[in-house]
Amino acid sequence: MKDLQKDCCGNGDHNHDSHEHEHGGDPNALKTYLPGIVSFVMLIAGILLDYFNISFFKGWIRIAWYVLAYFPVGLPVIKESINSIKKGDVFTEFFLMTIATLGAFAIGEYPEGVAVMLFYTVGELFQSAAVNRARGNIKALLDVRPQAATVFRNRNYSTVNPEKVEVGEKIQVKVGEKIPLDGVLLTDKASVNTAAITGESKPDALKKGEKVFAGSINLENVIEIEATKAFKDSSVARILEMVENATARKSKTELFIRKFARIYTPIVVFAAIGLTFIPYFFVSSYVFEDWLYRALIFLVISCPCALVISIPLGYFGGLGAASKNGILFKGASYLDAITTINTVVMDKTGTVTHGVFNIQQIKPEELPEDEFMNYLIALEKQSTHPIAKAISSYNLKTDLYKATQVEEISGKGLKGTVNNKVVLAGNKELMKAHKIALPKDVETIVETVVFVAIDAQYAGLVVIADEVKEDAAKTISGLHNVGIQKIMMLSGDKNSITQKVASQLKIDAAKGGLLPEDKLQEVEILKKEANTKVAFVGDGINDAPVLAASDVGIAMGGLGSDVAIETADVIIQTDQPSKISTAIKIGKSTRKIVWQNIILAFGIKLIVLIMGAGGIATMWEAVFADVGVAFLAILNAIRLQRMQWN
């Protein structure tokens, strides 16, 4: 927990590999918060006993009571201060909190010493809890590789761990199962979903001898493959390795408080020392005890608890506002980091498109549309292929014809008899095989096309494609409006389709036909450009390495894969890409509020510090100033909940 607490207060780096347990639902949650609860209860009880001037609450009993109240929250900070000093890092906020609160005890201000340390600890716990809830265990969820392989050994199929399968062995994969290793197809034909590897939305129709990749899903019939690579060299294993390596390279975001603490802490420590001894040379009636008293008050006043509380409060307000808008930030650092982004790179399938096939265009040659579709649907109803299902979803106005003698021609399409006519439905290869002449203008169509021929005559075509999301165009204009200088699309889909979608949405640049390592390479090239901060937006397992490598990874959380969601820094829970610009706006508003809180806290602190040095401010005034600043910071942060970002 302490590493993540440091991320809040300025003495540690946030890292993708921080695998802390969540406090929510964690059996150790009570253990985490118990010290603060005990100190709070004892502090309130002590203040009440002081207020009512209870007779027994005097002398050593009173001192012991406040010491015991201090220990639960003070000892961890003292230990951290000692450890930092041993490492040569003296001027940390832990050191300042230690000498200031112990100084309060030294001058007899026991309640104030406990209160200041308690406020500090509560601020630490709030930030730590927020980060822990957002950060899951990435490695556990990234390991989506198949857990079993059905391998042919000793004339029987047996289930083994994929790591134990040797190159050259025969593997059986049932419908719906993931292919466990890279290999070649031994069965005559297969239909596999490769979206996890390439991001391609259309299932691949494979023939005997063609390559199959680990992580792909078998869609039709039981198939057999021959393993050509060991488990550790499979495509999914490579993706996992890339994510881990990219995570290690991911740039870290530093919050303002880290840099500020490095300057602020030594200044106030040396100022307190100076306040104790320098007056000796200028004040004729110098009394060491009096100036030591002022210096200790100065240190107590200088405690950064108001800053520690007010800064996370601003981020919490931003996190809450983002959540209301369907956006999840995995920690305060990313609210800050997203404001620096000037380049957005996005995947196509599932990000700016729905990732589901739909009919885009119907072009019958002579028949009325409804009758043309009747012939086609009668045939496609006999297939379970995703394209067939998309065509079958067409709403016919007439009764459906019946198809008989339906034959599936591998890799080409369907043939059957409908309404006593021979009907062909499939790709160009099917038409070519049956010597059906196609119109010349079909060459310009980049999407998936189903051609139809009836009784050896071309009858028309249906264009099938992945639909662009309703707010995709709004997304691009919105990103430019919030200051994004370059928008790029990288996709595993065909380059022709990728370029068409990019042109339609007015995206600055696009590349298609990319594997995960290609996408990663493109983003790495962009990151090397001067003053370039890159956000990548994706949704599939194949996007995980790039999400981890980018300065800010953004995942579509509604339909996105678990791996993409766990690897990303920001989750768009509604699957609306237009929310990306909203996330940037919320980040900028949050940063503005945080800076207001910093200036407010530091400004008031500076005034009270001057008063303390002059012997005007007392300990209670210092605590009151802290509480007042924290209250104003809360009100300021609440404003984020009421803002609108449209």
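Two strands count as paired if DSSP finds at least two bridges between them. The model on the screen is predicted.

**Stop 1**

Which residue in β2 does Arg153 stand opposite? Arg153 faces Asn156 there. Two residues lie between the strands of this hairpin, and Asn154 takes a positive phi near 55°.

**Stop 2: the whole chain**

Zoom out before going on. The chain has 646 residues, of which 54% are buried. It holds 22 helices and 22 strands. Taking contacts between residues at least 6 apart in sequence, 67% join residues at least 24 apart.

**Stop 3: helices α3 and α4**

Select residues 59-86 for helix α3 and residues 93-106 for helix α4. Their axes come within 8 Å and cross at roughly 145°. The crossing of α3 past α4 is left-handed. Show side chains at the contact: on α3, the residues include Tyr66, Tyr70, Val77, Ile78 and Ser81, and on α4 they include Phe94, Phe95, Met97, Leu102 and Phe105. Sorted by type, the residues of this contact are eleven nonpolar, four polar and one charged.

Stay on α3 and colour by accessibility. Its buried residues include Ala69, Val73 and Gly74, as well as Tyr66, Tyr70, Val77 and Glu80. At Phe71 the helix bends by about 55°, and Pro72, a proline, follows within four residues. Past the end of α3 comes Gly88, with a positive phi near 90°.

**Stop 4: a three-stranded sheet**

Next, select strands β6, β5 and β8. In that order they form an open sheet of three strands with antiparallel pairing. What are the edge strands? They are β6 (204-207) and β8 (217-218), each of which pairs on one side only. Strand β5, residues 189-193, is joined to β8 by two bridges and runs antiparallel to it. To see a bridge, pick Asn193: its partner in β8 is Ile217.

**Stop 5: Trp291**

Select Trp291, which is found in helix α10 (residues 288-302). Is Trp291 buried or exposed? It has a relative accessible area of 14%, so it counts as buried; the cut-off for buried is under 20%. Apart from neighbours within four places in sequence, Trp291 contacts Leu275, Thr276, Pro279, Val283, Tyr286 and Ala613. Draw a C-alpha to C-alpha distance from Trp291 to Ala613: the two are 9.0 Å apart in space and 322 residues apart in sequence.

**Stop 6: a seven-stranded sheet**

Now select the open sheet of seven strands, ordered β10-β22-β21-β20-β11-β18-β19, with mixed pairing. At its edges are β10 (327-329) and β19 (509-511), each pairing on one side only. From one strand to the next the twist averages 20°.

Inside this sheet, pick strand β11 (residues 343-346) and strand β20 (residues 534-538). They run parallel and are joined by four bridges. Met346 has Val537 as its bridge partner in β20.

Helix α18 (residues 516-527) lies across β11, β18 (486-490), β19 and β20, and runs at about 165° to β18.

**Stop 7**

Finish with a pair of backbone details. Gln405, in strand β13 (residues 403-409), is not a glycine but has a positive phi of about 50°. Its relative accessibility is 67%, so Gln405 counts as exposed. The cut-off for exposed is over 50%.

Then select Asn420. Where does Asn420 lie? It is in the loop between β14 (413-418) and β15 (421-426). Asn420 is not a glycine either, and its phi is positive at about 65°. Asn420 is exposed, with a relative accessible area of 75%.

Definitions and conventions
Residues are numbered from 1 along each chain as its sequence is written. This is a predicted model: local features need pLDDT of at least 70, side-chain atom pairs count only at pLDDT 80 or more; totals for chains, interfaces and linings use all residues. Side-chain values use heavy atoms; hydrogens and water are left out. Axes are lines fitted to C-alpha atoms, for helices over the stretch in contact, and angles run from 0 to 180 degrees between N-to-C directions. A crossing is left-handed if the near helix is turned anticlockwise from the far one by less than a right angle, and right-handed if clockwise. Contact means heavy atoms within 4.5 Å. Ala, Val, Leu, Ile, Met, Phe, Trp, Tyr, Cys and Pro count as nonpolar, Asp, Glu, Lys and Arg as charged, and the others, Gly among them, as polar. The bend at a residue is the angle between axes fitted to the seven residues ending there and the seven starting there. Buried means under 20% relative accessible area, exposed over 50%, partly exposed in between (1.4 Å probe, protein chains only).
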